[in-house]
Structure formats: C-alpha cells, structure tokens
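Work through the exercises below with the sequence and the model at hand. Each task is followed by its solution.

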Amino acid sequence: MVSTGKKIGYGVGGLVVVAGAAWALLATTSNNTSTSKAVDVGAFKGDYKNSKSATKNGSLSVSYPGNASDPVSFAGYTEFAQWSAAQEQLDPAGKNTLFFTDENGKATNNGPAKMTVDKTAKTVTITLRNDLKWSDGKNVTAQDVLFSLQTLATNKVASGNFTQSYTEIKGLSEYQEGKVKDISGIKLNDGQDGKKLTVSYKKLPAAVDWGDGVPAYALPYHDLKNVKSKDLATSEKVTKTPLSFGPFKVASVSSDSTVRYVKNSDYWGKTPKLSTITYYVNQDQTKLENDLSKQKFDIVTEAPSTLWKDGSNRPVLSKYDNAKGYAATGYYKSGYWELYFNLGHLNSKTSENIQDRQTPLQDVNVRKAVGYAQNVGDVVKKYGNGLRVTVDTLVSKNQSKKMFYDKSVVGYQKKASGDIKKAGSLLEKSGYKKDSAGYYAKDGKRLSLVYLARSGNTTSEAEAKAYIEAWKKSGIEVKLYQDKLVDPSTWQSIVLDGNNNNWDITDGGWSEGTIPTFDQLWSKSAPYNFGHVVSTDLTKNLSDTQNASSEASLVKNIKQFQKLVVDEQAYTIPTFTNIRVQLVNGRVTGWTTDFEQQQNDLYAQLGVSQSKPVTSGNPRK
C-alpha cells in the first residue's frame with residue numbers, strides 16, 4: 001500500500017474556488033445524448049451552431065484567462081487542482097471523474113461508471129465500465145477509486161478538495177487519523193483489479209443521488225504507488241505525464257503550463273473528432289486582445305469582464321462579440337461573490353471555528369447595515385461591463401441550480417446605490433448615533449471597519465474605493481487593510497490563517513458543485529468558513545440538510561439555509577454573479593453551453609470545419 005500520509009486539517013496549497021458538497025461531480029466526461037438545451041442569457045446566445053461538417057483529425061487551440069498575480073501550474077489530476085484555471089485545464093482529459101450528470105446535476109449511470117444506492121443497507125455500489133482503461137492501456141480498477149479517496153482524505157494538497165460528507169463512510173475518519181491502515185467501509189468486491197466496489201456509510205448523505213459523499217474519481221494506482229504522498233502533487237508523473245481515461249490524454253506540458261493533448265486511443269467512448277488540443281492558461285490577460293486579433297485561439301473559455309470594455313466604455317474584447325470571425329456565447333456561472341464578516345477565529349488545535357471576536361459586527365443590525373449601505377449595483381454597472389449581475393442569495397442563477405434557488409430571499413441589492421436610510425435605521429436601532437464628522441458611533445467609539453480587499457484586476461482599486469465611499473455616505477467608516485489592496489496570495493494566507501484580527505470585512509468568490517450544500521464553507525470545522533460563523537441554528541440546518549430523508553426535504557433545508565444566513569442573520573452579504581462569456585471561432589463545430597454537454601462530453605464532440613481559423617465577419621450569418 002502506498003503511503004498516503006496523515007490528514008493535515010484540510011491542508012490547502014492554494015485557494016479552492018469550488019463550493020458545494022458534491023464538488024466531485026463538478027465536471028465529467030461522457031458520450032450521452034443531452035436532453036436539456038443551452039439557455040440564452042442577457043444578450044448572449046447559449047450555443048453556436050456551425051452547419052459545416054468537422055474535418056478529420058483537426059487541431060483546436062483553447063485559452064482560459066488566468067492572472068499573472070496567481071500563477072497556476074498544471075495539476076495533472078483533479079485531486080491536486082486547487083485553482084479554477086488548473087481545474088478547467090483538465091477538461092479535455094475528462095478530469096478522471098467517474099459519473100455523468102443530468103441537467104440538475106444528478107449523477108447518471110451512462111458514463112465511465114454507474115452507481116447503485118441501497119438506502120436500507122446504507123451502501124453505494126460503484127461499477128466501472130469493463131472497457132474503461134487508462135491511456136497507457138491498463139484497466140481502471142476499483143483500487144484506483146480507493147486510492148483517489150485515500151489521497152483526498154490524507155494528502156496535504158489533495159485534502160483541500162476533501163468534503164466533509166466523505167466522513168460518513170465507515171472507517172474513513174479513523175483512517176484519516178492514522179488509527180487504521182484501511183477504510184473499513186470500502187469493499188473491493190472482486191479484488192484490487194476488479195471493476196466493482198461497495199461503499200458502506202454510517203449515514204447516507206442526503207444528496208447521495210448527486211454524488212455527495214460518493215468516491216467519484218480514480219487515480220492510477222499502478223503508476224503512482226511508488227511516489228511518496230508528500231511528493232505526489234509535484235511529481236512529474238502528475239505534472240508532466242498524467243494518465244487519462246477521457247477522450248484526450250496529455251502529450252506534453254511546457255514550462256508555462258501550456259498543455260498539448262492528443263486523442264486517447266484507449267478512450268471507451270465514441271472516437272473524438274479532433275486529433276490534438278492545445279490548452280493555454282493565459283497568465284497575462286492584457287495580451288488576449290492581440291492574440292484574438294491574430295486568431296491565436298479557437299475558443300476563449302471565459303472572456304474577463306474587466307477586459308470586455310475599457311474604463312471609458314470603449315470595446316476591447318467585445319469587438320469580437322459575433323464579429324471578426326468569432327461567435328459569442330454565454331451562461332450564468334455556477335457561483336457567486338459575497339461579503340464576509342470576521343466574527344471569530346479558527347482553533348488550530350481542534351481545527352474548529354469559534355465565533356468569539358470582540359467586534360461590533362457581532363450585532364446582526366450592524367452586519368445588515370453594512371450590506372444595505374454597499375452600492376453593489378452601481379459598481380457592477382460601472383465596472384462589470386454588462387457581464388456581472390447582482391445577486392440576493394447564495395445559490396447561483398445557473399440553469400442547473402433552479403430547483404434549489406430560493407426566490408423569496410430578499411437580500412441587500414434592491415437599490416443600486418445602497419439604501420442609506422435603511423442602514424441608518426438599523427444602526428440607530430442598535431444604539432448608534434452620528435458624530436460630528438457624520439460617522440456612526442456608540443459609547444464614544446466610532447463604527448470603524450477594516451476592508452481586506454484584493455488586487456488582481458485593473459478595476460480592483462476603483463471598485464474598493466467606490467464601496468468605501470458608499471459606506472462613508474451611510475455613516476460607516478471603512479479603511480483598507482494597511483491602507484492598500486493586497487495581492488491574492490497574501491489575501492489567501494490571511495483568511496486561511498484563521499487568526500488574523502486586523503480585518504473586518506472581505507470579499508470571497510466561489511464556484512458551486514453539482515448541489516449547493518454548504519458544509520464545506522459553513523460548518524464548524526470548515527477551513528473556508530472565513531467569517532468563523534458558528535451558531536445553533538446554522539449547525540442544526542447543516543445537520544438537517546445532511547440528514548434529509550427525501551429530495552423534497554433536502555431542497556427545503558437548502559432554501560432555509562439561504563433565508564437564515566442571508567435575510568435573518570446576515571452572516572454574509574451576497575453581492576454579484578458573473579455571466580460567463582465565451583468567444584468561439586467560426587470554424588469550431590459542436591460548441592454549446594448546454595449544462596449536460598458542458599459537464600459531460602463537450603470536448604469529445606468538438607471539431608473544426610477547416611484547417612485555418614475564420615478571420616472576419618459574424619459566423620452566425
């Protein structure tokens with residue numbers, strides 16, 4: 001047995017931007033026929049249909065815009081991918097995930113593996129396809145699925161992607177703690193080289209039908225078994241020569257983490273139309289416009305909102321909106337941004353959050369006042385370039401989340417410029433009065449807060465200053481942390497430290513898993529509980545959600561969570577979500593933003609209709 005090391009909290013090497021207990025099913029690879037359809041969002045259509053046929057063995061170039069301030073190294077396998085750019089760069093290889101998802105994010109049985117749930121026995125049986133092979137020709141086995149779970153549970157880097165629902169597997173916690181050598185709740189039905197394993201639970205996760213708590217990855221044990229746990233994430237077997245059971249496999253990785261994929265001849269599904277894919281994570285977004293003018297990329301998977309237009313509202317990337325050889329598509333991102341309040345600390349010995357900080361923000365009226373005073377709508381309109389939308393709750397507007405979205409949540413964004421009157425009324429209700437400078441104070445002490453704001457975008461400073469000015473107009477004094485914006489790496493170290501009392505409010509952005517449960521971000525033991533919020537009602541809700549005995553009960557509890565955390569207690573202030581816009585060259589075939597195909601088999605279906613990119617005109621005409 002390979003040494004997987006011991007659990008180190010939820011050891012984090014980079015900021016995970018994924019939320020939701022079923023994160024394991026965020027993306028999969030399949031060859032199913034989609035029954036849902038792409039949804040148009042705002043001015044953007046959800047798909048682009050090139051009527052021409054795909055050529056044989058075409059080549060495709062893809063770019064995901066990253067940031068120079070948070071450089072991303074190729075992760076090789078999903079377990080070690082902690083930045084969104086690193087996760088998305090694995091898409092052509094299928095991210096070594098086992099299950100397809102339907103239009104609501106539920107796991108289906110027509111992909112690399114199927115699962116059978118026995119709610120009476122509290123077991124899930126996973127059966128791998130007989131023809132499921134790694135790209136070196138070796139079978140994907142039950143041992144590979146077990147090895148992935150062991151790695152997620154104990155490896156320092158991979159544990160950042162471990163979700164609390166896995167601890168419902170019998171013996172998993174004891175294995176994490178080093179008390180036992182094996183996970184008692186995992187049975188390899190036909191041995192290590194077999195295709196079936198049964199997972200036994202102390203309690204079945206409520207969202208098990210979405211894959212919550214279900215081992216949903218595979219790591220090639222035969223290839224990695226001799227690599228020590230501490231070296232896995234950085235070993236060449238992971239970062240240079242990873243294996244795949246998706247439609248494409250890694251051929252090479254350059255020094256700038258550009259990955260060249262080639263067709264995987266051992267792929268179980270329908271033969272991909274493309275021969276090669278080159279996937280760039282463009283660390284310098286300022287070069288993107290020039291690259292597009294030369295048709296360097298066939299697909300830009302996300303056009304940065306800050307580059308859609310410049311500060312004077314002049315077109316930048318928007319010049320390629322159904323023009324200059326490109327078609328633009330869009331959909332609501334499965335995620336959101338929110339404003340956090342620092343209410344406590346993380347106990348380093350017990351790895352538990354404690355809501356005990358001495359701060360005016362312990363008063364729910366103060367938190368609500370801060371939320372109502374913030375001028376998110378104005379900032380979104382001025383700096384979002386039409387690609388941001390204000391939000392009221394902590395479930396996204398993505399089409400796959402419609403059954404969980406609570407329309408009754410009021411939120412704080414009804415007035416674009418902020419609601420000064422309501423903010424003032426709440427503060428006065430808590431005993432605050434304005435001082436001679438126009439700021440609210442209580443017991444001789446001014447309400448003064450420190451804003452931990454991040455750099456990273458060209459408009460970051462302007463946005464932070466706009467928020468500070470709005471708070472000032474409402475009588476709330478807010479100052480920047482150390483009088484400046486902090487870079488993303490510094491921000492990450494501060495919030496994950498869990499014991500920094502020098503900030504009061506900060507922004508966080510998250511992508512969702514297939515089901516928006518919140519243990520990973522809000523439980524007492526969650527390292528991403530940035531506000532260190534702990535309350536009886538919250539703990540009960542999270543527990544009730546995990547103990548839900550039916551789909552209706554699950555949905556009800558998720559909606560109650562939204563009301564509790566946002567409207568009732570204002571533990572956080574939802575601010576905005578993004579419309580994700582893609583630019584697709586006119587030669588690309590098979591492109592769509594349909595949720596099922598995006599999650600399941602998009603790269604297997606993509607092709608090109610000619611050898612060179614389209615250089616002019618609107619491809620839709």
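**Exercise 1.** Which residues form one aromatic cluster with W491?

Solution. This is a predicted model, in which local features need pLDDT of at least 70, side-chain atom pairs count only at pLDDT 80 or more, and totals for chains, interfaces and linings use all residues. Residues are numbered from 1 along each chain as its sequence is written, and side-chain values use heavy atoms, without hydrogens and water. Rings of Phe, Tyr and Trp (its six-membered ring) pair if their centres lie within 6.5 Å; planes under 30 degrees apart are stacked, over 60 edge-to-face, the rest tilted. The cluster consists of Y340, W491, W510, Y528 and F530.

**Exercise 2.** Classify the pair Y320 and Y326.

Solution. The aromatic pairs number 20 by this rule. For Y320 and Y326 the centres are 5.8 Å apart and the planes stand at 85°, so the pair is edge-to-face. Buried means under 20% relative accessible area (1.4 Å probe, protein chains only). Y320, at 3%, is buried; Y326, at 0%, is buried too.

**Exercise 3.** Find the charge over the ring of W491.

Solution. The criterion is NZ of Lys or CZ of Arg within 6 Å of the ring centre and within 35 degrees of the ring normal. R454 lies over the face of W491, 3.6 Å from the ring centre.

**Exercise 4.** How many bridges join β21 to β22?

Solution. Strands are DSSP runs of E, at least two residues, numbered from the N terminus; two strands pair if DSSP finds at least two bridges between them. Four bridges join β21 (residues 448-452) to β22 (residues 477-480), and the strands run parallel. S448 stands opposite E477 in β22.

Key: Buried < 20%, exposed > 50% of the residue type's maximum accessible area, 1.4 Å probe, protein only.
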